[in-house]
Amino acid sequence: MKVWTLAASTLESFLHNRLIVVLLLVGIGIILIMMIPLLGVKAKITGTNQAMMESVVLQVVSEVVGFMSGLGSLLAAWAATDSLVTELKAGTVLAVMARPVKRWEFLLGKYTGVMMLMAGYAAMMIGVSYLLAWLGGQHIHANPLVLFAYPLVRYAIYAAMAMLLATVLGSVMSMVSVMGIVIVNSMVEPGSWDWKPKLMWLKTALYYVLPSTNLLSEERFLSLRQAALKPTTWQEHGTALLYGLDYALVILLLAMWSFRGRTLRRD
């Protein structure tokens, strides 16, 4: 009960956060600009150019989803960092703990509130994807549950990672560290540029230590043709999603362990 109360309070604080509102407004503005190429596509579709138009629509949808997905990862990391650091700086964490609330409950409540925010964001992202496809006279055939679960699990990893860093670093350094992890992760995942032979051991080590977020990319399942969908079974989906959830859980447990011995005085 304490966890859910903390989660609801955290979510409410996000909804009144001006920075989140500004970020969403900026994101919406960019999305509207990216939608411009689709406005006249629907009227231009004929029997001879249908395949080409499908390609144009899918490219725009993929670009918008890619942008929103990346923005969501940053939002998850920032929300997790801000939810903890703000309480510590303001000193309100001491009042919360006096209720009493255990430290792991406090951290879990904050994390749950972040994930409630990101669940709403992921649902909005799906709605935008279907709206863009409809504007282009097409339809996305991927399962909405898949398009919802994959980014949400990825956000769970980044939120847990940011929360762990926030227990030992400030908000700015935590976000810088998360951005650094994202960059390094892109350098070691399959298909990235080759490293020098002497550093291959480091690339392999980083690949196994860092999360395989490319495995949790919903963009792999975006398609305007049923035949183009990758034949992925629910068992394969479950394996990928459980991997992400397990990684997020381990990082969250590390955050709880780190927070256990942290001083609660104002930074």
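Questions and answers on selected features follow.

Author: This is a predicted model, in which local features need pLDDT of at least 70, side-chain atom pairs count only at pLDDT 80 or more, and totals for chains, interfaces and linings use all residues. Residues are numbered from 1 along each chain as its sequence is written, and side-chain values use heavy atoms, leaving out hydrogens and water.

Reader: Is serine 212 buried or exposed?

Author: Serine 212 sits in the loop between helix H9 (200–209) and helix H10 (234–260); helices are DSSP runs of H or I with at least four residues, numbered from the N terminus. Buried means under 20% relative accessible area, exposed over 50%, and partly exposed in between, with a 1.4 Å probe and protein chains only. Because its relative accessible area is 14%, serine 212 is buried.

Reader: Which residues is serine 212 in contact with, leaving aside its neighbours within four places in sequence?

Author: Contact means heavy atoms within 4.5 Å. With those neighbours left aside, the partners of serine 212 are Tyr207 and Tyr243.

Reader: How does leucine 245 count by its relative accessibility?

Author: Leucine 245 belongs to helix H10. Since its relative accessibility is 43%, leucine 245 counts as partly exposed.

Notes. Helices (H or I, at least four residues) and strands (E, at least two) are DSSP runs, numbered from the N terminus.
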